[in-house]
Amino acid sequence: MHIDCETVWSDCLRVIKDNVAEQSFNTWFQPIVPLKCADDILTIQVPSQFFYEWLEEHYVHVLKKAIIAVMGPKARLEYSVIVDRGNSKSSPLSVSLPNRTPSRNYNASNGKDEYISPFQLKSVDSLYQESQLNPNNTFDSYIEGDCNRLARSAGYAVAQKPGVTSFNPLMLYGGVGLGKTHLVQAIGNEIKNNLSDRFVLYVSSEKFTNQFIDALRNNKAQEFQNFYMQVDILIIDDVQFLAGKERTQEIFFHIFNHLHQAGKQIVMTSDCPPRDLKGLQERLLSRFKWGLTADLQQPDYETRVAIIQRKMQSDGIYIPENVIEYLAYSVDTNIRELEGVLISLIAHASLNRVDIDLELAKQTLKNIVHDIETEVGIDYIQKTVAEFFKVEIASLKDKIRKKEIVIARQVAMYFSKEYTNHSLKAIGYHFGGRDHSTVIHAVQSVNDMMDTNASFKASVEELKKKLKMRAV
């Protein structure tokens, strides 16, 4: 039976829109064209092989959820992929590809994610393959830099000897998108690969709380606690969200104590160090401090370049060196935003059937990164100033008081105030955690020296030209 494929796909898009971020929806689902719908099979057309592979790798579960919700439990999805023949005079080929089999964690009868609370199973053996880890999050795919070296080293030590080192618990903290989840899951994957007899469980604090509420509702709180006490390595993400949940904190306290005393490994993440966590019981906070606490900071320029290169290498995509440098300089907030920019750049190139170049990168970033017209980051300013004054970049962030270092540091602060939208406090943070008053003093000092020293003023003007070229 033939059905109006446009209507079916429109209904599917409504389901998909509720399950993905707006940017992802616009990038990966709006360009899809429905071709036909017959015999419980929906055929959609995608603009390239890369586009198809990306959907299958990252969004197949969402797509299946949508078509089953709209078309019923027997629904299947097929792709028609446009393949360029390489001849501008001939129309592109369209190659049909069948979908993969449904995920075993998906209940096709009701179109919903099948929820099985872990404590409903009799033993951890039943959940051996369900550690909730993303296999792509490994130490090999995690780029090390000054921003995360301590955290990564501690994580690797824990992965080699879980429960044995003094890093128990291991608490990793940092802002959004800095790689906390990747790192703790890398720990879990490393342990699973090397110690197959250990049961590793990754769970977000939100999911842990929901499971506990479900257990209370069904009078299975003791089973819930017993299950978690059998885990060998417990990885719990975003513990700050346990704040204010007294009953959940109570059960987690007992689970934590049991695992720690039994020599089991506990790994946690939060958005701030334990001393700054609010709404958590003091006895719980004191236990968070038993082991090692390590922070993850914003990636520096070199780390951002390495992240882009690794991402492109793993996806088999070539990006010119000048584009890599431009992206690394322009996106200096966090890793997640950087990866989002890369995904959008690749999608634009694929959809428009063009090579990735500097102009495409600039157009892509204008639609994603706010205030990108500046396009001069503090890292780039520090690098340019350090090269000009022939000093080490690290010395700009140190407490060295040598005259040549102080002048270079003040000039770098001056341009950071001039060319970025960062607050004085944020600028001071990028220069070794200095106070905002230090930045004010630096700006004033540079202005004073420019008024009294012609040679110094000429140097500043020359640097200004270099930075303006970057901002054009």
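Rings of Phe, Tyr and Trp, the last represented by its six-membered ring, are taken as a pair if their centres lie within 6.5 Å. The legends below refer to a predicted model.

**Figure 1. Aromatic cluster built from ring pairs.** Phe 199, Phe 208, Phe 212, Phe 224, Phe 227, Tyr 228, Phe 252, Phe 256, Phe 288 and Trp 290 are joined into a cluster by ring pairs. By the pairing rule, the count of aromatic pairs comes to 18.

**Figure 2. Edge-to-face pair of Phe 208 and Phe 224.** The ring centres of Phe 208 and Phe 224 are 5.2 Å apart, with 65° between the planes. This pair links distant parts of the chain, with Phe 208 in helix 7 (residues 205-217) and Phe 224 in helix 8 (residues 221-228), 16 residues apart. Phe 208 counts as buried because its relative accessibility is 0%, and Phe 224 likewise counts as buried at 0%.

**Figure 3. Edge-to-face pair of Phe 227 and Tyr 228.** The separation of Phe 227 and Tyr 228 is 5.5 Å centre to centre, and the angle between their planes is 90°. Both Phe 227 and Tyr 228 are buried.

**Figure 4. Arg 283 over the face of Phe 253.** Arg 283 is placed at 3.8 Å from the ring centre of Phe 253.

**Figure 5. Right-handed crossing of helix 15 and helix 17.** The axes of helix 15 (residues 378-389) and helix 17 (residues 403-419) come within 9 Å and cross at roughly 145°. Helix 15 contributes Ile 378, Ile 381, Val 385 and Phe 389 to the contact, while helix 17 contributes Ile 407, Ala 408, Val 411, Ala 412, Phe 415, Ser 416 and Tyr 419. By class, this contact comprises 10 nonpolar residues, 1 polar residue and no charged residues.

Conventions
Residues numbered from 1 in each chain as written. Predicted model: local features only at pLDDT ≥ 70, side-chain atom pairs only at ≥ 80, totals over all residues. Heavy atoms only, no water. Axes fitted to C-alpha atoms, helices over the stretch in contact; angles between N-to-C directions. Helix = DSSP H or I, 4+ residues; strand = E, 2+ residues; numbered from the N terminus. Left-handed = near helix turned anticlockwise from the far one by under 90°. Contact = heavy atoms within 4.5 Å. Nonpolar A, V, L, I, M, F, W, Y, C, P; charged D, E, K, R; others polar. Phe/Tyr/Trp six-rings, centres within 6.5 Å; stacked < 30°, edge-to-face > 60°. Buried < 20%, exposed > 50% of the residue type's maximum accessible area, 1.4 Å probe, protein only. Lys NZ or Arg CZ within 6 Å of the ring centre and 35° of its normal.
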